[in-house]
Every structure is written in structure tokens, then in C-alpha cells.
Amino acid sequence: MNVNQQPHMASPYGQPQPGYGGGHVPAGYPAQYAPYNGPGSAHQQGPPQGYSPYASFPSKTVATNLVSDLSSSSPLDLGMRGPPTSGAPPVTPAQNYSQFGQGDTQNGPPPMGAPPQRPSVSQPYTPGAVNLSGPQPPYNQQFGALPNSMQQMTNQMASMQVGSTAPSPAGPGYAPPSVSHSPVSAAYTHSAPPTFPPTSAAPTHPPPTEGVAQPPPQSYYGAPHSAQQSFPNAAPAYSAAGPTHPQAPPPVSQQSFPQAPPVSQPPFSTGPPPGPIPGPRTHSYGGPPPGAQASFQRPPLPASHPAAFPGGPTSHPAAFPGGPTSHPSAFPGGPPPTSAPSQMPGVIPPQPPVSQPTSYHSGPPPTAAGFTPQGGPPQRPPLSGMQAPPHMTSQGPPMVQANHVPPSQPGMPPVPPNASMSGPPPQPGLQAYPPQQNGAFGQVRGPQPGYAGPYAGQQNYGAPSAAPAPAPSAPKRLDPDSIPGPQASDIPPVQKTRHRIDPDAIPSPIQVIEDDKANKGSEPFTTGVRGQAPPLVTTNFQVKDQGNSSPRYIRCTAYNVPCNSDMAKQSQVPLAAVIKPLATLPPDETPPYLVDHGESGPIRCNRCKAYMCPYMQFIEGGRRFQCGFCSCVTEVPPHYFQHLDHTGKRVDCYERPELSMGSYEFLATVDYCKNNKFPQPPAFIFLIDVSYNAVKSGMVGMVCQELKTLLDYLPRENPDMESNIRVGFVTYNKVLHFYNVKASLAQPQMMVVSDVADMFVPLLDGFLVNVQESRVVIESLLDQIPEMFADTRETDTVFGPVIQAGLEALKAADCAGKLFIFHSSLPIAEAPGKLKNREDKKLVGTDKEKSLFQPQVGFYNTLAKECVAQGCCVDLFLFPNQYVDVATLGVVPTSTGGSIYKYTYFQAPTDQERFLNDLRRDVQKQMGFDAVMRVRTSTGIRATDFFGSFYMSNTTDVELAGLDCDKTVTVEFRHDDKLSEETGALMQCAVLYTSCSGQRRLLIHNMAVNCCSQLADLYRNCETDTIINFFAKYAYRSLLSSPTKNVRDSLVNQCAQILACYRKHCASPSSAGQLILPECMKLLPVYLNCMLKSDVLQPGADVSLDDRAYLRQLISTMDVAESHVFFYPRLLPLQKLDVESTTLPVAVRDSEERLSRGGVYLLENGMNLFLWVGANAQQELLQNIFGMPSFNHIDPSMTSLPALDNPFSKRLREIIETIRTQRSRYMKLMVVKQEDKLELIFKHFLVEDKSNNGGASYVDFLCHMHKEIRQLLS
Amino acid sequence: MATYQEFIQQNEDRDGIRCSWNLWPSSRLEATRLVVPVSCLYTPLKERPDLPPVQYEPVLCSRASCKAVLNPLCQVDFRAKIWACNFCFQRNAFPPSYAGISDVNQPAELMPQFSTIEYIVQRGPPTPLIFLYVVDTCLEEEDLQALKESLQMSLSLLPPNALVGLITFGRMIQVHELSCEGIAKSYVFRGTKELTPKQIQEMLGLMKPATSGQQGKPLAPHDDSASCRFLQPVEKVDMNLTDLLGELQRDPWPVPQGKRPLRSTGIALSIAVGLLEGTFPNTGARIMLFTGGPPTQGPGMVVGDELKTPIRSWHDIQKDNARHLKKATKYYEALANRAAVNGHGVDIYACALDQTGLLEMKCLANLTGGHVVMGDSFNTSLFKQTFQRVFGKDYSGEFRMAFGGTLEVKTTRELKVAGAIGPCVSLNTKGPCVSDNEMGVGGTCQWKICSLTPATTLALYFEVVNQHNAPVPQGGRGAVQFVTQYQHSNTQRRIRVTTIARNWADAQSQIQHIESSFDQEASAVLMARLGVFRAESDEGPDVLRWLDRQLIRLCQKFGQFNKDDPNSFRLSESLSLYPQFMFHLRRSPFLQVFNNSPDESSYYRHHFVRQDLTQSLIMIQPILYSYSFYGPPEPVLLDSSSILPDRILLMDTFFQLVIFHGETIAQWRKAGYQEIPEYENFKQLLQAPLDDAEEILQTRFPMPRYVDTEHGGSQARFLLSKVNPSQTHNNLYAWGQESGAPILTDDVSLQVFMDHLKKLAVSSSA
């Protein structure tokens, strides 16, 4: 939840700085620090400049903010900036990486931070290095040594990671964690010992992050409890949140708990989820299950801590500062030792290496460590323990150390060892504190359990921490501090010193995802309880419809809606629902029942016309019902009358889906049909570009060949029946060719319409035919089309008339339908809708940029309107070799509920599979035609805005010419009155559509959410993924009207307001410098950053306008699962793939630091699929995957993996298949070799890193965010 | 010396010429006083089995403004190898190839019997004939089927190398591509949008730039034989086209109740014209339109698609109530002119019970020499046989059609050409022999006749130049040369040259001679053509009045009478039939629109202005034969008195062939006497007119409507409307007698007409 204690900054920093300055400088950092310090004071000012790179951040202000943040955390900044600001960092990292990778490689690499830092740091630090010299040498040595072991380690690591990952997933299982830990620890011991342990551990295990995250949660949870305390410690350590948390947490946590308690799980879900691991940990801490709750309760506190975690990063900076400051203060006590150690040149030096790494990883941990130090010796122990566990496995070590340290103070000693021998030390430490270390590691995951027991003391600590409430702030700071401390000292060697924030210490999406899986994936989600947030989209779960719609249909941004608009405005949390009306359900869930209310049609409220649903209250013995939406009382028609039982429910309640289910369908009567007559079955029309480019790319032949078989799989309602859908064919270049494929013809007839200025359909009979009846003619046609145009030289194409043609054909046939347009080039032929090439990159970044997203001509808008009126949905498959103006061509598809598929530089051999799979899916998918969607809500709120692929002719009816199972409509709600907590907020989404068999139906989805009068409730029960989905759609639409920069700024601003509001109204009081994030939203910054970095909002030089327009339009119909993975790609490590298991390996965070040179990773974002092969990947692995003996033999141009007969290959291909089936579009596999040219593309998807085109790294952005928030608060 | 009758006959046989006067008055004033202008009917391609074409090119006068062709009237100096042009008196040297000529070795064109001669020009590659079918698909199933069969049949009649194309239309227009395998391709146009020729050619991919291969099949250049995908040699696409026609469907667009099908004839024609224009300009081609109803949409629409709005009638037209008339007419005229410029003929085959808009479309055929055929249904022998006859062949196996003809008229300087009336358009060639006065299509000495048949006959009107005080010297001869260049159906370019000469006569001193040189048949037709030509633009009554006045003046000029004594009125033999022709002309459907639809009027007029003299006369005054036991078949008066119970009448009005059984005969026939052996003679009697009718049918184009009726039959109206109503309900004296059948009409009878004529002719006040 919260945490980043930047608050420290100011004062703390000031102090810290001095302290640091003093300390560091003396240490030898002086030089560097000095400047920084300077910045520290002057930082704010200076930084901006320095940050220029940050300019990447949208606005200068941001930059400044960042700066300020940094500055605030001057110390941190120092560290932080060093890397970021210096700009060098990015570069350096790379260098580092390379170096690193080579050097220590995997383990090392994992640490990422370490390597990168090194270089940069090393240089700058060198001086410091001097101080660190001690450490450095060790590193070197270690590394040197490590390499050997490292390589092995890598392997081991891999296994380790796997293990660790496994654990994490197992997270839930407490045992696993421990186990994992053990491995981890082992890993650490090995590799870690080197120095990597921390880093590597952190990265690989990232668990660190998780750990971090966990810690928070734990801390939250733990805070309450002893365990919590321990957490608190951790937490405190993290964000010093400890303190704040303790205070705030209680309330919050309590609140949350209160609720949570009732539903123990829920709380977990909320709390735990954040840090899946935390959960575990907490559990472990709290004491497994039972304790868990207790722990949970504590967690709440931790929860706040969690935030702390997130803050972690920021906090780091802050922490640093805080560390310095608060720590200083704290340190003074004893903590200093730990943190100080790290920080302290003298002391630190030794620790630094070790502790730093740890601290880094556990960024938070470090904080924790810091806390421990700060927390004051007393707290420390617990904290340390807590921290360690919570924070990072990696931290574990450090933490442990810290913890240990504190306890015995030996912290110092241990640290030193670590520091001295980053590797060894850890080990030693670990060894020394086997339990602890293990715990530490384990803490991260497994440790908990172990710790739980062992750490009774921790609890104590926790208690202390709790007690220290006041200290919290310090702890928070500590977190940062701790991080800084350790990092600075430890990892600082290279990385951490600079980044004061440990990437592992900030909220980890992976951790959150894994926690949620662990907590919610196991049992069915029942929808009966109002206001219950569903599991995350990344979690596999089963849904039981008990009165509300499945989250597969509707997901809300908040499940606790503010009672009034003031609250809503205050919080700035968007109230929106992401509705996917025709979502495909897994086979084990029942599709909506079909209800027939007879000739009179569905029963509806007299006033608001809401359809019969579970929210209707039957009164007067069942003779009337009161509408849940508008409270109007309506007579029950005689044929629908039923007696009520003693509870006031209708006796037949459970026999009628419309009274007991959230989703169901009504059979519509003729009153619901156009022109008062039942619709004709819909039609599919295939319009194929046969110009030179299209033919040459192989597209034409491919489409024709594929259609021959595909036509047998047209959607149908009853699988045994033939599809009622009729088909028609058109080809075109600069004229259109219609085909008469009437069954009675001996050969197809082609009708050329050259009069494109005034399109019409040249034939009536025989254009749209039943596939079965006309099969022979159709096949003959599809055989001939490629032949006929094989020698074409016509390069010009038209586009507007093509759509018109389809539209006219549907009009003539008086039916709805869908057009499949296969198009290749910019339509420059003389015709309506003719376009010019307006690609002008010079406009990018200017106020005119928005015009590039707007259609070039108004023609298509008008056309789209006509299409919608007829129920003509348009799907566009683009095969461009150059600019085609997707922004304009896409107008009709996006207004008619259609899709756009784009295959740039299409080459039949390589793109065939992708295209054909997309086509198959697109043709076969279930869909409704000529649909109208209406969202009704309780009095008090109103659907005010809609996002998606549709057209609206008024403000309430969403008109969709076509609606398929992948299309999502996002609806924003606003208050127009007050809501009551009693009744909650209801919404009913009714979709009137024509099914593929021509039946007119009404699909109803009902959703009820709670209302709250406390902001805290709101923040406790919202869903970040959905919010991001909404933001993305909102922002992408804003691009049409505002300069990109403004859009970005307002996004950042709104998020800052959301978080600031939480900080102000919900979080326990704490120093202003602390970053406190709500548990539910702790990933908001990272995801937001991902969105801001997307090609649409921040294009790189190589991103074409078409790509941006394409993505922009694509996002508008994405559901939450798709948008989630789109913005935060899934990165699966394969080197530890368990070929026996059926589950996917636990993902790692999208950062280069997490990639091991010895590993192979799979990355997917719903659009792209990469297989990244590390340069040092083991021969066996390569042999298994590629059948190639060495890295050099791998052909990066392959698009599918060879089918090798070994379990690994099979399993891998299986995974790829699975992933592909999860997405609505087929992803072409790209093999990326490390250090290959293509890697640049791949790196673009490592969204936590700084991007080439100026996108901020996660850490940097968090800092920025924090600064924004602080500004708002002040 | 032969009689004028023989002279006339001879000239007609040799030159295809009938002149109104065979002696020409020597001054303009005198010519004017003759009432009937100096004029002639010329049948350029009159079949002359005895005239073998010569295989060389004509020798032309070297004077640029003359260019007359060497002819028998020229003076030749065989020694000097020089000839003098008889039109401009230019002396020309013979070309080198004539080096061997001498008195005894004369080229054909110098021999008197070759006053008409045909040259074959060997220039340029032969261009195949082109037939572009434009087929209406808004037909009843039966009709369409019959039409399809006819069309398929016609393919076998076409010359194998002829290019053929197919355009079908209904609501839309489809231009079929004929050379594709495996798939039937067509270009489709909507019927409501007017397109410029350029657009059409662009859309059909006929533009040069587009030839690079719109369909992937590179187009050959236009002048190549495979130039156009839409027009292919019959021999190549015979099968394809037969299949294509076989699969032709009725226009699939639903026709709501109370509506006419939407028929885009206007656009279809414009596309056809545009297509040929773009591909084969100045090449012989026929656009053959087959339509089963009026154009109902787009430019050229004749009537809306609402059935409740009837197609314009004469009444509507006179009341200026025909909304689309002017616009449509203008549209088709523009089309016709375009087609004519490119030498393409347009035929219209309109088969429907109701009108089909011939009135508006007539100019298409009229200006380009195309055929117009009007029938009730494509599923009738009238259409089928007529259509078959289009592809009839002559004695030498050549098609009876020619294309892209131009007729040039050259006159000696005493004459000027005032105009022509016939299926032609002016080429606007000004020359020294062009008169300022226009009669018919004037202002030019050249006309284009895009499509000709051997029967195509033009009326040419001349003007005598010399003023009264400077008359043409006696003894001279005026000469006229007709030069017709055309594309023969065997794709040869040919030139037929006819040179005629007539003596000049002083009207005052030689009026008797002039009178006796009067060709009353030709004059009747020539005057009728003028009348019809006027009727196209003037009100019917005005034309009648004009005709009447001309007749009266003629009678005054040549009649012998005492002033104010009608009974004394006499006309010489050479004029005796003329008033009767005029009487029947006045009653003819060419001038009377009563009881005829505008389409019918147009149809009749169309044929009237293009048929030769004999046919034209039949049209003016139908022929009536009587069959009886009392003797061989005999022509009888076209008079109600000829309608007797024991007679069988055969009337040929050109457009109809009516066999009328008298009351008694009809009863006998009904009783079945002809089946009884003893009454073999009766059977023969019944058969006789049928045989004669068959003979007429064999040669007649278009096929006349064949009516077999009897006394009291409803179809007897065809007969009753034609005969002179000498007995009507008004002159009851003959009522019930055997002398004939009364006609229920208020029309005046010939007797009354003549009485009035005499009265007016002799009246001093007239």
C-alpha cells in the first residue's frame, strides 16, 4: 500500500544528505555524492537538468517532480539518479549487463542492477569504490569465483528460480515457500554468495520484488500481529511504513480487516493478493491458516506497508533519504549499523556488498533492514526478520543479515561478511543464521512458515515495530534507508549505490499475480455476494453465477462505489465497467440460459424498461414487482404470476434464470425487430483486394484456398445444423468484381462494377448463397480468382466503394451481416473515400499530432453510420507494405463493431500461419448482428460514456452492427444523485441482437456493486487492471482531441490524485515523504507507466503512424485480460520449465535485469510472441528446443519451433499453443537471440526498463509519481 | 422512243433512280411553279446482279472542289488521254493505268450502260463486321426464352469472322466479356447514372492507359483484331456466347405490384455506343437493341415505373403532357448522332403489347439507318422471321447489309442539292452544289448512312439555280452524280457511282413535255416524304393543309378545266393517279395519328422514309386483291365496294397482310366445305390468297403483321380502316345491298375528296 517514504526527503534528506555526504563522502563517494548532495539541496533544481533524460516523463514538471522526489530523497536521488539521471544508467546498465552477464552472468545478471550499476557506478563510485574497495574486490573476487560456480549456478539458478518460482506460486502453500526458499537460499548461497545472491536472487527470484511486495503485505498483515510486527519491521524497513502502517494500518487494516475478517479470504484477496507472497508469508508468519487471519489482520498494517513496498522503490529513494535522516536518527540507535553499515562507508563497506545487494533486491528489505536499524535495534530484529522475509529472498540474506545484525548487531558483523564477501558473507550470514537466512530467503517465500516459528521473535519485532508506531515514519524511511543502506553499501557496489531504489523492493506485478492465483484460483468464484471483487484476470478460476454476471462478462473498476459524487470526485477513481457481452466461457461454465416470456415479450419495468432480473422485488403477494433500478411498481402479467414464499421470494425463483442468475437471454418478439419483422439470417461477404501487391504477397491465393475449407465452419447455433449464414464474394482493385455463385450456374459469373463513384450491387440473386447449395460453384470460383489475377499489374485500389458494395449487398438482401475485407494498400484510385499519403513524422510530438489519428476524410464516418443502420459489421485485414492510413481505414471497422488485423510486410511463408489462424477464428467466432446495447443503472448513477467499437446516435444506445465474443465495451458511470449503501448500485446491460441463425435475442447482464460512504472502502475494493483498461481507452480516445503530451499529463495527474487522495484520507498519518499506495492499486504506477510507454502515447522513431493508429483502435475493444497482458507482457522463464507440470512457469518481471544469459524466455503480450535465447543458454536446452547444438546455429527467422521428440520441446510447444489459444489473435513466434539485431524489438517489451524512446523505467516513474503525489498533498 | 413509262422503268432498273420530273424546268421560277420539286428517289445499293464490281478505284476529277468520278457523260479525248469533267469542266489526264484506252478499248465507267458502276477499293485492312446485342432482360420468361433462342440462332447466321458483343440490361446494365474461360465475366453499370463516353471507356478498361491490363489480361491495342474483350469473333466465342445466352436470367430485381420493371435502356444504349466508339470508330457495326418495354429509369426514360402512369399518348403529347418526351428524345438524338459519327447503326427490336418508347428512340434507327421492328412479343413468328431476315443473304451469298455508307451528290452547276430525306445524317459538307434552301436534311452534299440495305432509299431534292431571266439554255442536260462509299458485308470497301442526266426544258414552251415526264408515283412518294418530314416537327393538320394546297396547286397547274366549273376538270394520264395517292396519304398512319400510338406512328414513318418506291406506294395506298370463283385473282379498288360476301380479299398495307373472307365464304369455310372432296375448288380458292400472301411474306422486311379474318371479325378493322369509305352509314343508299360493306366512319370518301379538289382547283379564288 504505501510506501514510499519519500516524505523523508525534505527534512530527512537534508539530514541524511549531510549524513550521507558525510558518510559517503568520507567513504569516498564524496565526489559523486558531493554532486548529488549538491543536488540534494540543489537537486531539485539541478536534477531537472540532470533528469533531462527523464524528460521522457511527460512533463517537465514531472521531471522536476521526480527530481524533487529524488532530491527529496537526495541521498536516494544520489543513488537513484546516479543511475537514472546520469542517463548513464540506462546505457551503463547495458554495458553492465553485458559485462555482467559475462562476468557473473546469470546470477549476476539477474541482479541486473548489480552489473549495470557496476559500470556506471563503478566509475563514479570508484571513488566510493575505494571505500567499497573492500567490497568491490570481494565482488570481483566473488565474481571471479562465481563465474565458475556461477555458470553452474546459472543452471542451478535456473532450477533455483524455478524452485523459487514454484514456491511463490505455491506461495499459498506455506510449505512450498520454505522449500523454495531453501532452494533459493541454496541458490543464493551459491550464486548469491558471490554478491549475486542479493541481486541475482532478487532478480531471478524477483521474488525479491515479490518479497518486497510481500513484505508489505506481510507487514500489513503482519503488522497487526506479531508476525505483522515482524512484518512491520519488514514493512517499516520498507517504507518505514512500518511505523505509519502501524498507525494507519490499524485503522485501515482494521477496516479492511473488518471486512476481511468476515471473509477471511477477501481480505486476503485484498491484502494478500497484493503480494501473493505476502500472503503466504503472512500466513507463515501469522501462523499458517488460522494465524493467517490474524496475520492478515496484521497484514492490513502491512498492507499499508505493501504500499510501502511499492513505495519501496520510491521509498528507496526516500528510504535513502529517510534512511539517512530517519535512519540516521534511528541509526543512531542501532540500526545505523545495518543500514548505516551499508551506507556507512566504514561499516557499510563490508556489508554493502552483501547487504546492498540484498537491500537492493529487497529494496524494501533493505529498508526493512534499514528499519531494523532504524526501527531501532529493538524493532530491527523483528523488522529485519520481517523485512528479510517479506522483502526479498534476496533480501533474505541481507535482510537476514540485517535482522541478524540487529539482533546481535552482529548485523554489522554479518554484514561485513556479506559485504566483504558478498557471496561468502551471505552464505556465512546464511549459514550463520541459517534459519534466518533461510528464513530470509524463505521469508520471501518459504521462510514465512519457517519464520513463523522461528521468528517468533520477529513477531516480537513486529510488535515493536507496531509499538514504534511513531517510528514508522522512520521505518518507512528506513525502508528506503534500509534499501539504501544495504544497497548503497552492498549492491551499491555498482547498482544499488546509484539506484537507491531496489527494483525488487517496489510492488511487483508478478508477485501480485501469483498471490492472487494462490488465493483465489483454487475455488469457484460465486457471484452472489454484492460488491465482491473477482480474482484477477490472470488467475484461472471458475465462476458460479448466483445473481450477478460473471466477471468474464463484466468487470468493474470498483466494487464499492462511492455513495455520492463528491466522494467520487475526491478520489478520482474512475467508475467504469468493462463489459464483454458475448464473452466465451470456459467449457465448465454454463452459457446464459435462453428465456422465453411468450408473445408479449420479456417482462419489463414500466418506467425504466429494465428487464426482469434478480433485483426486482416482488410485492403484494407477487402481483406486482418493484424495480430495483427506478423503484417503480409494475403489475405482474397474469401469465407470469407466481406466489411468494415466506421470505418474499417467488416460489419459482430458482427455476427461472431471470430471477436467479446474473446473465441470461430473452427471446425477443417481433416488436424488437427492425421494421417489425423478424430478421433474415445474416450474411458474410468476403471482399478481397486483387491488386498487384495483394496478389504478389500471396494473400489472394491464401485467402481463397483457406475459404474453401473455412466456409464449412461458419458460426451456427446448433453444431449439428448447417449454418444459416449466407456468403458472398467480391474482389476488387480499382474496380469491384462481384460474383454470382448461384447453385444453378455451371460456372460462377463475375460482374465488374467500374462505377466506383456511385456504388451499387449489380446482382440480387446468386450473390449471397448458401454454402452447401452452391459449394461447387464457390469452389470453382475460389480456384479461379487467384488464377484470374495472377498477372495483374493494377496497383491502385479503392476502399470506400468496397464497403459500400458490401453494405449495398446487405441492404439489397435485407439482412445484417459482416464484411471481411482483405486490403493491401492506400486507396488512391479515384473514388469516394480516396486518400492521400499524409504520413508526416514531423507532426509527431506537436499539437497537430492528434490530426494523424483522426480520419483524413469525413466520408468514412458517414459510411460507418450507414453501415450501422443496416447492421453491417466490417472486419478489415490489412496487408500493407507502406503507409495505408489505418486511422482512416479503421473508422468503419471501429464504428461497426468490427476488428482490424494488420500484417505489415506480409509474406506468405512467414505470416501465413498467423493470418490464417486469425481468419479462421474471426470467421468462426460467435457473434451477434445488428445489436443495440443499453446500460441501465440504479437511480443515482448513470452511464455517461462508452468506449469501444460501436456507433452511438444518441447518448444511451450503443449500436453495434456486429458484436463478437472478443469485443468489449467499457462504460463509464457518473453520479447524478446519491446512492444508498443499502441497495448498492445496480446495473443492467441489455444487448438486443440477431444471432447467427437469425434469431432476435436480448442478452441481459446484471451487476450489483456495493456503495460506500468511506473512501477507504472504495480503495479497498477496486481493480487496478480494470482501471488501467479504462484509462487506456480513455486516454487513447483523448488522443483524437488533445495533444499527446496533455493526454499523458492528465493520466499521470489523475493517478496521482487517486493515490494522493488515498494517502490523505485513508492512509495512516505519516511523514509526507512516504509513498503509500492502496493495496489494490499498488500496481497502478507500474501499469500506468507501461501505458504511458506504449507506442501510442510515446512512439519511438521506428513506430509508424499506422502502427499507432492500429494499436489505438485495437485497445478500444480490449477486455481486461488482454489489456493487462498488452501493457505488461508475460515473460516466462523456460530454462526451469517443468516438463511434467501442466502449469506455466511463474512469470518474471519485464526487465532486462531478470533475464539470464543462460536462460530462454518466452514473452507474449497478446500481439507478439518472442522466444528470447540467452547467449549462454545451455547446449542441452538449445538442443531440446531447436535441435541445434549451439547458439550460433539458431536461425532467428524461424517462425515455429521444430517438432522435436523430447519432453521439453513438446511441453514448450504445448505452452506456446496454450498461450495462443488464450488470445484473440494468433501470435507469430519470433525467435530473438541475445545481442541480435532483433533484440531491440524485444527489449521494447521489457516494460519495467527505461525504453529507447524515452519511456521511464518503473523505478523512475514511481519516483515521479511520488513526487506528483507529494505535490498534491502539500 | 419509248414511253416515259418505259424510260422510267429502265432508269430505275439500272440506276435505282426515280425522278419526279424527267424533264427539268430551266429556271428556278418555273421549277417552283411545278409544285412538285425537282427531286428523285435513289436506292444506292439497289441489287444489281448484272453489275459486277470493278476491281479498281474510280478516277476522280482533279479539281479539289469537284472530285467527280469519271462517268459515261464525260467527254474523253482518247488521243490525249484526257477527259473533261462534266460537272466542272475541268480537263483531267487519265492516270497511267489508263494508258491503253482508246475508242474501242474503253473502261467500263465510260460505257453508257454503266451509268451505275461499283468499285472495290483495296485500302487498309478489312475490318470485320460488328454486331453488338443489347438485350433487355425485363421480359416475361417466355419472351426471354424466345429471344435467347433467336439470338443463339443468329450466331450461326453471322459471318464467322464477325465480332460479336453482348450487353444485357434491366435495372442494371451488364457488358459481358466473352473470351473468358471458367468464369463468366461482365461489367456492370447502374441504369440511373449518365456517364460520359470517356467514363464508360475508362470503366470498361478501354482507355489506353488501362490497356496495360485491368484484368491481368493485357489488352491489345484497339486496332488489333482482339482489341476488345467485349467484342470477339463469332467463331471463337460461339460456344461461350451460346452458353452465356442460355444462362441469361430474367432481371432478378423484384418488381413490386403496380410497378413496371426498371429498365435502363438509355444507359444501355449509351454504353453500347460508347463501347463501339472507343473500340471501333468508323467501322461498320450494328448495335441491336432488343427491348420488351419502355425505358423506365435513368436518362432516356420514357415513363416512370408507376403502372398507374400510362405511357404518353398523342393526346398527351399534343397537350404537352408528356413529361419525359423532350428530354428522352434529346438524349437519344445525341446518342444517335454519336453513333452516326462513328458509322455505327442502331437497330431497335421492340416487342411488347404496350408502347416501348419508339417515339423517343426512333432517331437512333432513323439517323443511323438501323432497323426498327415492332412486335407484340419476341415469341412470335413476326419477330423471329424478321430477325432472321436481317441476316438474309443475296443471290451471291452476301449479307444484305452494308455499313458506314456516305452518299455524296454532285450536280452540274444549274442544279443545287436542297436536301435529303431518308435514314441518314448530314455530314455538313458545304460545296458549290449545296443549296441554301433546305428540304429535308440539307445544307450539305454528303450524308452518312451508317447502315444500308439494298432497299434503303433516299429522297433527294434539288433546286434549279438559274433565274427566270437567265434560264438554262435549251438542249443541255443537267447531270447528277451519286457517289456512295460503303463497307460491304464482306468487309470490302466499295464505291458505287451513279450518274444521271436529264434534259432541260423550257416550262413555258414545253409544258406538255414536262407534264408527260411527270412520274406521279415517285412524286407522290417524294411529296409524302416531305409531308412526313414536316409531320415530325409540325402539327398534323398543318401538314395536311400543306399537302392539300400543294395538290390543289398542282391540279391548277396541270388540270384542264373551265374556271369555276368543277365538272370540266380533267387531269392528264400522267397525273391521274396522283390525287388518289394524296387521298390515301392523308388517311395514312404517316400523317394521321388518330388510333395510333406515338410508337406506331414513329414505326410507320420510320419505314416509310426508307423503303423504295414500290413499298412506299403500298404503304400510301395498300393493294387489294380479290379472289373469287368468277375469275383469276384481280386487283380491285381499295374501296368499301370491293368488300363482297363471295370474295376473298387480300390486302397488303406493307405493315399488315390481311386476308379477308367475305361473309358467304366465311360461312362456307366455317361449314367445312373445303374439307369435302367435291369442293376442292373451294379449298383452292381459300388457298390461293394464302399462297400469294406467303410470297409477299417471303420478301418483305420487316415481316408484316399477318391477319386472317372474315366478315364481321374483329380484325377486319384493318381492312375497313384502309378502304375508301365510299359507303358509310351516312350514305345509306347502298345499305344492305350486295355492293359492298358500309364503313362506320365520318371520314370523307375519295369521291367527296375529289369533288372538293375539283371545286377548289377550278375556283378562281383559290
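Trainee: What conventions apply here?

Mentor: Residues are numbered from 1 along each chain as its sequence is written, and chains are lettered from A and ligands numbered from 1 in the order in which they are written. The model is predicted, so local features need pLDDT of at least 70, side-chain atom pairs count only at pLDDT 80 or more, and totals for chains, interfaces and linings use all residues; side-chain values use heavy atoms, with hydrogens and water left out.

Trainee: How many helices and strands are there in chain A?

Mentor: Helices (H or I, at least four residues) and strands (E, at least two) are DSSP runs, numbered from the N terminus. Chain A has 55 helices and 30 strands.

Trainee: What share of chain A do buried residues make up?

Mentor: Buried means under 20% relative accessible area, exposed over 50%, and partly exposed in between (1.4 Å probe, protein chains only). Of the 1274 residues in chain A, 70% are buried.

Trainee: And how do I read its contacts?

Mentor: Contact means heavy atoms within 4.5 Å. Take the contacts in chain A between residues at least 6 apart in sequence: 79% of them join residues at least 24 apart.

Trainee: Which strand pairs with β22(A), and in which sense?

Mentor: Two strands pair if DSSP finds at least two bridges between them. Here β20 (residues 927-937) of chain A pairs with β22(A) in the antiparallel sense, over 7 bridges.

Trainee: Where is A:D964 found, and is A:D964 buried or exposed?

Mentor: A:D964 is in β22 (residues 957-964) of chain A. A:D964 has a relative accessible area of 0%, so this residue counts as buried.

Trainee: What does the side chain of A:D964 make a polar contact with?

Mentor: A polar contact is a pair of N or O atoms within 3.5 Å; within protein, one must be able to donate a hydrogen and the other to accept it, and residues adjacent in sequence count only if both atoms are side-chain atoms. The partner is the side chain of A:K925, at 3.3 Å. Leaving out residues up to four places away in sequence, A:D964 touches several residues, among them A:L582, A:K818, A:S899 and A:M927.

Trainee: Now the interface. How many residues does the contact take from each chain?

Mentor: Chain A gives 34 residues and chain B gives 26. Buried area is the accessible area (1.4 Å probe) that two parts lose on being put together, summed over both. Between chain B and chain A it is about 2500 Å², with 52% from carbon and sulfur atoms.

Trainee: How many salt bridges cross the interface of chain B and chain A?

Mentor: A salt bridge is a side-chain nitrogen of Lys or Arg within 4 Å of a carboxyl oxygen of Asp or Glu. The rule finds 2 across this interface. One of them joins the side chains of B:R190 and A:D758 (2.8 Å, N to O). On the side of chain B that touches chain A, β10 (172-177) and β11 (184-190) of chain B each supply at least two residues. β11(B) gives the most to that side, with 7 residues.

Trainee: How should I read the UniProt annotations?

Mentor: UniProt positions are given in the numbering used here, feature names are shortened, and annotations may be inferred rather than shown by experiment. In an unreviewed entry, UniProt places "domain: Zinc finger Sec23/Sec24-type" at residues 602-640 of chain A. That span is 0% helix and 23% strand, with its end C-alpha atoms 10 Å apart.
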